[in-house]
Amino acid sequence: MATVRIANLCKTYGTGKNAVEALRDVDLDIGDGEFFVVLGPSGAGKTTLLKSVAGLVDAEAGDVEIAGVPMEGVEPYHRNVAMAFESYALYPQKTVFDNLASPLRSGRTGKYSAEQQRQRIEAVTTTLGIAHLLKRFPRELSNGQRQRVALGRVLVRPADVYLLDEPLSHLDAKLRAQMRAELKQLGEMSNTTSLYVTHDYQEALALGNRIAVLRSGRVVQVGTPEDIWRRPVDTFVAKALGQPEINLFDVTAEGGALRGAGGDLSLPLPRHLDLPAGRARVGIRPRDLQLGAGGPGTLSLRGRVSLAERLGRLMEFSVDVGPAGDPEHVIVVADSDAGAREGDVVDLHLALENVHVFAPGAPSEDSVRLGPATHEGVAR
Ligand code: ADP
Ligand code: MG
């Protein structure tokens, strides 16, 4: 077990016109035993970050410390980290068992008796659901099974820090959800410090003790899943979490209210929100909206259902709010259809504390969070 400290880490690939800034001033403090997730789209710099911690990439600036020890000049082999790569490699001529045992037989960790090897392999393969495959060769496995064996090769080896690079990306949705639950258990049980990167927000929310959102090599927000979900710092983070995406509307401040959608969206302008330009963006998550008229302390909307679709137990509606010629399409995900059909006019409401208000973005195009629409809702 170990802490991981990353300070001012910068990495640029190439030079001149071809330079790609993969990491820019990345600061992260990962606690002992923490399961820390880095969430970001493809190209955000996730793999580069893990490789920097592993010592496989030379950052041009910044420091990495593991267990309080600066890693500058420490070879990957001596860092006592175990890394699972996105593209996994197995020994084709070895069985699954031998693939899993090889990290326990080689080099520094080669002090395991045959019985200890068997025990570690059994524990890991049971968790990963591959215990029945030990005698097979890699060519006799599906992609998903191969990826789990590759992950197993990392987890059987005791290490200070596990670095996991999208280890579930090749699995189908059902297996991914199942493995997510198992990995979470494994993380909680083993108490090993893990740095896990993914582009899948559900994985991040399910697995992370804390999450860092990475965008174009920069950390945009760090927090618990609850923080990131409830208090996204900007519209980039708000849009990165949730499917369907958060609804965003342009609003203007008029006479103590925020108005949008041609006046059909109106909410009291909370006193604590300072809007110098008189403009803002309002964010509403599809799942926070409910069908039916709301009472006091809620934001109410009325619109016409343009699309109603069943998503398993849930219903997804697209509701046109505002002028008929230029409506806002509001996406709603509700528990029941409440009898609403395409073409019906429906009322919608949500608690004001679930209305996110963002200021128009400068310098980035992404608006910055000001707070929820209620004063009481400002938790901190
Ligand atoms: P992620 O894992 O989040 O998809 P990467 O860390 O792989 O992101 O890449 C970050 C950026 O750096 C991308 O723009 C990618 O194209 C670039 N990059 C990664 N590796 C190299 C490399 N070896 N040479 C040049 N550019 C690279
Ligand atoms: Mg990657």
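1. pLDDT is the predictor's confidence in each residue, on a scale from 0 to 100. This model is predicted, and the mean pLDDT of the protein is 89, with 94% of its residues at 70 or more.

2. Strand S1 (residues 4–13) has the highest confidence, with a mean of 98, while strand S21 (residues 368–372) has the lowest, with a mean of 73. Over residues 376–380 the pLDDT falls below 50, and this stretch has six contacts in the model beyond near neighbours in sequence. Where pLDDT is low, the predicted coordinates should not be read in detail.

3. On the overall fold: the protein has 21 strands and eight helices. Its C-alpha atoms fill a box of roughly 75 × 45 × 40 Å along the principal axes. Of the contacts between residues at least 6 apart in sequence, 65% join residues at least 24 apart.

4. On burial and surface: the protein has 380 residues, and 47% of them are buried. The accessible surface is about 18100 Å², and carbon and sulfur atoms account for 48% of that area.

5. The second largest pocket holds about 380 Å³ of space. Its lining consists of 20 residues, and those nearest the centre are Asp58, Met71, Glu72, Gly73 and Arg79. Strand S4 (residues 61–66) contributes the most to this lining, with five residues.

6. By class, the lining of the second largest pocket contains nine nonpolar, seven charged and four polar residues. Gly73, one of the residues nearest the centre, is counted as polar because the scheme used places Gly in that class.

Technical notes
Residues are numbered from 1 along each chain as its sequence is written. Chains are lettered from A and ligands numbered from 1 in the order in which they are written. This is a predicted model: local features need pLDDT of at least 70, side-chain atom pairs count only at pLDDT 80 or more; totals for chains, interfaces and linings use all residues. Side-chain values use heavy atoms; hydrogens and water are left out. On a 1 Å grid over the protein atoms alone, a cavity is a set of points where a 1.4 Å probe fits but cannot get out, and a pocket is an open set with protein on both sides within 12 Å along at least five of seven lines; lining residues have an atom within 4 Å of a point. Grid points are joined across faces, edges and corners, and a volume is the space filled by probe spheres set on the points. Helices (H or I, at least four residues) and strands (E, at least two) are DSSP runs, numbered from the N terminus. Contact means heavy atoms within 4.5 Å. Buried means under 20% relative accessible area, exposed over 50%, partly exposed in between (1.4 Å probe, protein chains only). Accessible areas come from the Shrake-Rupley method with a 1.4 Å probe; for residues, only the protein chains shown count as cover.
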